[in-house]
Amino acid sequence: TTESDTAFKITRKTDITPAAEREAMLANPGFGRVFTDHMAVVTYTEGKGWHSAEILPRQPLMLDPAASVLHYAQEIFEGMKAYRTPDGSVQLFRPDANARRFRHSAERMAMAQVPEDLFLDAVTQLVKLDKDWVPKPEIGTLYIRPFMIATEAALGVKPASEFKFIVIACAAGEYFSKDAGPVSVWVEERTVRASRGGTGTAKCGGNYAASLTAQMEGKEHGCHQVLFLDAQERRWLEEMGGMNVMMVFEDGTLQTPPLDSGTILHGITRDSLLTLARDRGLKVKEERYAIDQLYGDADSGKLKEVFACGTAAVVTPIGTFKSTEGGCTIGNGQTGEVTSSLRKALCDIQFGRAADTHGWVKKI
Ligand code: PLP
Ligand code: COI
């Protein structure tokens, strides 16, 4: 019921960004502001399936003001990256995992399913056309943002019958403007990100909108990110606003919250790091960990390192936690050894500097 006509029609931008201007924009891109010249758009209509696949000059969307996405937030997205390798070629990292998670998110939000090959084709075609926008590895990566919105003009509360699947891309330097030095994290006690049966495992816009007051509160306390606790006991670590969390203990164990609560996003970086840790013989635990344990273990020195991980954040060390009651410093507040060596191992594969023994990278 899906694929109708999904060969991409390519319309190139005529006034493409001149090379010198593009290079200047790529010199210090920050995150999420320097966009490429094109976008991919595919339309879904009930009864017809996916059709009108196009690569177009990047441009504003025309939406009916009654479009469901604007009222009932039927919206999902993905985050993935293209990397420039030492020989100048461009590659993706586990794009099939993003395509799968996108299907999962669509299912949870009662949206049309984007077939995985259509998802991969849209991403590949866009990156191919905008290849020159992939920064040099010393600068960063091309961040790719596939997303889907409900476009049907109808105010009745029901799953929409029309959708657009769109892919845009932007240059990305460090997500945190601290040269990957340790960040500080606000322990959120007032609001929760997800509860059992909710939408925590879906990558839907609403989850992020709901996290913003906590993010603001954290910022007021000088923090870069927010750590959310479980909704029931307000005690167990779940994840951050836009990344998963991992701990390293004195005995070398790497621990991260388990996914069985159904409230945590199944991070692809999380999964990759657990695999790399197991490869090198580290003990890996996917077990609950409480915030009071974290404070105690940080004080006693048992907890050595904590880091955040995700596509945008890569692996970002956490130096301090702050909360209404105080907080704690992790280790000496500096980047830990396991954190930096896992980060390096992951990045070496992503940028094509190390052998990809897991079949994770895909050349464009
Ligand atoms: N958790 C949340 C809430 C996120 O937004 C992200 C980022 O996508 C992650 C975790 C990490 O997921 P991934 O490693 O697949 O980027
Ligand atoms: C990503 O890492 O892709 C995300 O979606 C997180 C967001 C904070 C940019």
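Predicted model: local features only at pLDDT ≥ 70, side-chain atom pairs only at ≥ 80, totals over all residues.
Some ground rules for reading it: local features need pLDDT of at least 70 and side-chain atom pairs count only at pLDDT 80 or more, while totals for chains, interfaces and linings use all residues. Residues are numbered from 1 along each chain as its sequence is written, and chains are lettered from A and ligands numbered from 1 in the order in which they are written.

## The two ligands

Let's start with ligand 1. Its shell holds G79, E239, G242, M243, N244, L265, G267, I268, T269, R270, G310 and T311; a residue gets in if its C-beta atom, placed from the backbone, lies within 6 Å of the molecule. Sorted by class, that makes three nonpolar, seven polar and two charged residues. Here Ala, Val, Leu, Ile, Met, Phe, Trp, Tyr, Cys and Pro count as nonpolar, Asp, Glu, Lys and Arg as charged, and the others, Gly among them, as polar. Helix α6 (residues 268–279) gives the most to this shell, with three residues. Helices (H or I, at least four residues) and strands (E, at least two) are DSSP runs, numbered from the N terminus.

Ligand 2 is surrounded by G79, G242, G310, T311 and A312. That shell divides into one nonpolar, four polar and no charged residues.

## The annotated lysine

Which residue carries the feature "modified residue: N6-(pyridoxal phosphate)lysine" in UniProt? The record, an unreviewed entry, puts the feature at K203. UniProt positions follow the numbering used here, feature names are shortened, and annotations may be inferred rather than shown by experiment.

K203 sits in the loop between β10 (183–187) and α5 (205–220). K203 counts as buried because it has 24 C-beta neighbours inside 10 Å. The cut-offs are 20 or more other C-beta atoms within 10 Å for buried, 12 or fewer for exposed, and partly exposed in between, with C-beta atoms placed from the backbone. Skipping neighbours within four places in sequence, K203 is in contact with I76, F77, E78, R101, S105 and L265. Contact here is C-beta atoms, placed from the backbone, within 7 Å.

β10 is mostly covered, with four of its five residues buried. Strand β10 pairs in the parallel sense with strand β17 (residues 314–323) over four bridges, and V183 has I318 as its bridge partner in β17. For a pair to count, DSSP has to find at least two bridges between the strands. β10 also runs parallel to strand β11 (residues 225–229), over three bridges, where W186 stands opposite V226. Together, β10, α5 and β11 make a right-handed β-α-β unit: with the strands pointing away from the viewer, the path from the first strand over the helix to the second runs clockwise.

Then there's β16 (residues 303–310). Eight of the eight residues of β16 are buried, so the strand is largely enclosed by the rest of the structure. Six bridges join β16 to strand β13 (residues 244–249) in antiparallel fashion, with V248 partnering E305. Four bridges link β16 to β17, also antiparallel, and C309 stands opposite V315 there. β16 and β17 form a hairpin with three residues between them.

K304, in β16, touches V248, F249, E250, G331 and G336, not counting residues up to four places away in sequence. K304 and I55 are 249 residues apart in sequence and 48 Å apart in space, C-alpha to C-alpha. K322 and L303 are 19 residues apart in sequence and 16 Å apart in space, C-alpha to C-alpha.

| Residue | C-beta neighbours within 10 Å | Class |
|---|---|---|
| K304 | 21 | buried |
| K322 | 17 | partly exposed |
| A73 | 16 | partly exposed |

Most residues other than glycine have a negative phi. A73 has a positive phi of about 60° although it is not a glycine, and A73 lies in the loop between α2 (68–72) and β5 (75–77). R94 has a positive phi too, of about 45°. R94 is found in the loop between β7 (90–93) and α3 (95–108).

Terms used
Contact = placed C-beta atoms within 7 Å.
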